[in-house]
Amino acid sequence: MKKENMKNFALIGASGYIAPRHMKAIKETGNNLVVAMDTYDGIGIMDSNFPQADFFTEFERFSAFVDSFKRDGNKIDYMAITTPNYLHDSHIRFALKSGSNAICEKPLVLNPKQIDDLKVVENESAKKVYTILQLRLHDSIIALKEKISKELKNNPDKIYDIDLTYLTSRGKWYFESWKGDEAKSGGIASNIGVHFFDMLSWIFGELQENVVYIKNPDANAGYMKLKNANVRWFLSVNYNYIPEDIKATGKTTFRSITVDKEEFEFSEGFTDLHTKSYNDILNGGGFGLDDAKNSIVIVSDIRKMNTVALDEKAHPFCEKVFSL
């Protein structure tokens, strides 16, 4: 990218798991990271990306830098936010009020009212909030959406049967961290399921019914009726629920989506999705507050709902939880 077209970025949450993908995306799109902030200071990853970027462990000093940078006639075009989920709302507000667009990791916020409030701040600031819904940019998922759209054009009343199964093992540290605290992460459905719920409702239509069977700290399961799909879903961070044949291969993650009992393969093509997301934003696209709201409503409702007894609509993996 030519220097005159280069955009300046700031990053809040530089030590997190997902932050390196944002640094990589900033670098690969030919832009510049001016400053980063995190309360944890072990961030050697910055040396291979933006070693010259200013860095702060205190938000107050970071805020003062952003203010001075702006007063000196400079501009931070985008502020990337990869902090714990419960801080997203306040950090997005900071970005907008500082005169920057915000690019925030999923889940964008924890409840729908925050999206409505952010729309007001967005309008006041004349800046834009973007969220990372990278599955919408995955080639296989785009192909699936196109296929389903064609089928629904011929048969608008068709109802698909979907099984969503996602198990990604986490150790004891997970439950001692903010991710294990529902008030901070939103729980399992928000933390590891929100992008799948977004993808399914993007393809199969709006939510019509929502049922929850399991709401444990390490597993959530339920049933969703979308406009054109019945979805049985099971999410967990517990290694014990992974199928034995997957364990035998040494893998600690199991991801499966079936559409009318046919396995939908999308295990490849994930490595560059953040860079694709940044390119999309920088080229005038990107996913905003309205795009994010549907999945935030779904996970917020799941968090508030009482569980019901297992029935014929429950995901078959639910039995694992009650049998172990």
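Predicted model: local features only at pLDDT ≥ 70, side-chain atom pairs only at ≥ 80, totals over all residues.

Trainee: Where is Gly 180 found?

Mentor: Gly 180 is in the loop between helix H6 (173-176) and helix H7 (182-185). Helices (H or I, at least four residues) and strands (E, at least two) are DSSP runs, numbered from the N terminus.

Trainee: And how does Gly 180 count by relative accessibility?

Mentor: Gly 180 counts as partly exposed, at 31% relative accessibility. The scheme is buried under 20% relative accessible area, exposed over 50%, partly exposed in between, with a 1.4 Å probe and protein chains only.

Trainee: OK, core time. Which residues touch the most other members of the largest nonpolar core?

Mentor: That core has 63 residues, and the ones touching the most other members are Phe 62, Met 79, Ile 92, Ile 162, Phe 197, Phe 204 and Ile 257. Helix H8 (residues 188-204) gives the most to this core, 10 residues. A nonpolar core here is a set of buried Ala, Val, Leu, Ile, Met, Phe, Trp, Tyr and Cys residues joined through side-chain atoms within 4.5 Å. There's also a second, separate core of 20 residues, which includes Ala 14, Tyr 78, Ala 80 and Tyr 278.

Trainee: What does Ile 257 touch?

Mentor: Not counting residues up to four places away in sequence, its contacts include Ile 162, Leu 164, Phe 196 and Met 199. Glu 262 and Glu 263 are also among the residues that Ile 257 touches.

Trainee: Switching to rings: how many aromatic pairs are there?

Mentor: The count is 16 aromatic pairs. Rings of Phe, Tyr and Trp (its six-membered ring) pair if their centres lie within 6.5 Å; planes under 30 degrees apart are stacked, over 60 edge-to-face, and the rest tilted. Tyr 78 and Tyr 130 make a tilted pair, 6.5 Å centre to centre with 45° between the planes.

Trainee: What does that pair tie together?

Mentor: Tyr 78 lies in strand S4 (residues 78-81) and Tyr 130 in strand S6 (residues 129-131), so the pair ties together parts that are 52 residues apart in sequence.

Trainee: Are those two tyrosines buried or exposed?

Mentor: Tyr 78 is buried, with a relative accessible area of 9%, and Tyr 130 counts as buried at 10%. Together with Phe 9 and Tyr 278 they form one aromatic cluster.

Trainee: Which residues of helix H10 (residues 273-282) are buried?

Mentor: Leu 273, His 274, Thr 275, Ser 277, Tyr 278 and Ile 281. What covers the buried residues of H10 includes strand S1 (8-12), helix H1 (19-28) and S4.

Trainee: Last one: is S1 enclosed or open?

Mentor: Five of the five residues of S1 are buried, so S1 is largely enclosed by the rest of the structure. Asn 8, Ala 10 and Ile 12 are buried on one side, Phe 9 and Leu 11 on the other.

Note on methods: Residues numbered from 1 in each chain as written. Heavy atoms only, no water. Contact = heavy atoms within 4.5 Å.
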